[in-house]
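Good morning, and thank you for coming. I would ask you to keep the sequence and the structure in view while I speak.

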Amino acid sequence: MSETTSLSSGEKIVTTSTMMDDPEFFGAQPAYPSAYRPFLDELCEKTKFSKSEIRFLYRGFKQECPAGIVQEDTFKDIYAKFFPYGNSSVYAHLVFRAFDVTSCGAITFKDMILTLSTLLRGSSREKLRWIFCRLYDLNGNGFITKRELFDIISAVHDLVGVSKQGEDRKTRDHVDKIFSKFDVNRDGIVTIEEFLESCLKDDVIMKSLQSFTTTLY
Ligand SMILES: [Ca+2]
Ligand SMILES: [Ca+2]
């Protein structure tokens, strides 16, 4: 027997009834440490996924990561496969850090699903807030400096393997341009309010937000 679950707009996932009732999900004897054991009710409450979607995602997660967690090395290997022509390790580190919501040094199923909920089901504001807080504000002090923006953009350039020749100058020019757009009051820092204000009125950014998850994985 099969069942169709709608995961995101236009995307249908067919699952079997056996998967929806995976006894391992809430089984009495989990094959992984209890600290990593996901809690269906809690996850359902904290995310925009239904219980059956969470079960489905969990099954996929567990197939890929039988230990129940993703280590940074695994994450870097995945990125290296997707971006074979660049050096993806810095960007992979930044995204790993962004996914590691509970700051435990590994990505648990809970970390993964909380992030996916924001990225797949969140409003534009929620997605932008995630980008600002989890990805761009590297030291977590509540605002973005030009240095932080430079580090992120350099990592993206390395990821896609942009030519190194004259790259530093080009990256700096690119950073200056983006930073001055975000820093509305010209005080040298970008706050979340400035970031939201600049992004929400930018058609290109808003469009790329729709495909944000595609670039992320
Ligand atoms: Ca900062
Ligand atoms: Ca500012």
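Predicted model: local features only at pLDDT ≥ 70, side-chain atom pairs only at ≥ 80, totals over all residues.

Ile131 sits in helix H7. Is this residue buried or exposed? Ile131 is buried, because 21 other C-beta atoms lie within 10 Å, and the cut-off for a buried residue is 20 or more. The C-alpha atom of Ile131 is separated by 8.6 Å from that of Ala98, although the two residues are 33 residues apart along the chain.

H7 covers residues 124-136, and its buried residues are Lys127, Leu128, Ile131, Phe132 and Tyr136. They span an arc of only 135° around the axis, which means that they lie on the same side of H7.

Let me now turn to the chain in outline. It contains 12 helices and six strands. Of its 217 residues, 21% are buried. Among contacts between residues at least 6 apart in sequence, 54% join residues at least 24 apart.

In soluble globular proteins, nonpolar side chains tend to be buried together. The largest nonpolar core here has 21 residues, and those that touch the most other members are Ile54, Ala92, Phe96, Ile107, Met112 and Ile113. Which elements each supply at least two residues of this core? They are helix H3 (51-64), strand E3 (69-70), helix H4 (72-82), helix H5 (89-99) and helix H6 (109-121). The largest share, five residues, comes from H5. Let us take Ile113 as an example. Leaving aside residues up to four places away in sequence, Ile113 touches Leu43, Thr47, Phe49, Ile54 and Leu57. Apart from this core lies another, of 11 residues, including Phe132, Tyr136, Ile152 and Val190.

I now come to the annotation. The UniProt record, an unreviewed entry, lists "domain: EF-hand" for residues 123-159 and 170-205. In the model, residues 123-159 are 73% helix and 5% strand, and the end C-alpha atoms are 27 Å apart. Residues 170-205 are 69% helix and 6% strand, with their end C-alpha atoms 21 Å apart.

Asn87 lies in the loop between H4 and H5. Asn87 counts as partly exposed because it has 16 C-beta neighbours inside 10 Å.

Most residues other than glycine have a negative phi, and most peptide bonds are trans. Ser103 is not a glycine, yet it has a positive phi of about 50°. Ser103 is found in the loop between H5 and strand E4 (107-108). With 7 other C-beta atoms within 10 Å, Ser103 is exposed. Where is Arg186 placed? Arg186 is in the loop between helix H9 (167-182) and E6. Its phi is near 55°, again a positive value in a residue other than glycine. Arg186 counts as exposed, because it has 6 C-beta neighbours inside 10 Å.

Finally, a word on confidence. The mean pLDDT of the chain is 81, and 77% of its residues reach 70 or more. Where is confidence lowest, and where is it highest? Confidence is lowest in helix H1 (residues 17-20), at a mean of 37, and highest in strand E6 (residues 190-191), at 98. Over residues 26-33, pLDDT stays under 50, and the model has five contacts beyond four places in sequence for them. Over residues 213-217, pLDDT also stays under 50, and here the model has four such contacts. Thank you for your attention.

Notes
Residues numbered from 1 in each chain as written. Chains lettered and ligands numbered in written order. Buried ≥ 20, exposed ≤ 12 C-beta atoms within 10 Å, placed from the backbone. Helix = DSSP H or I, 4+ residues; strand = E, 2+ residues; numbered from the N terminus. Arc of directions from axis to C-beta. Core = buried A, V, L, I, M, F, W, Y, C linked by C-beta atoms within 7 Å. Contact = placed C-beta atoms within 7 Å. UniProt positions renumbered as here; feature names shortened; annotations may be inferred. pLDDT = per-residue confidence, 0-100.
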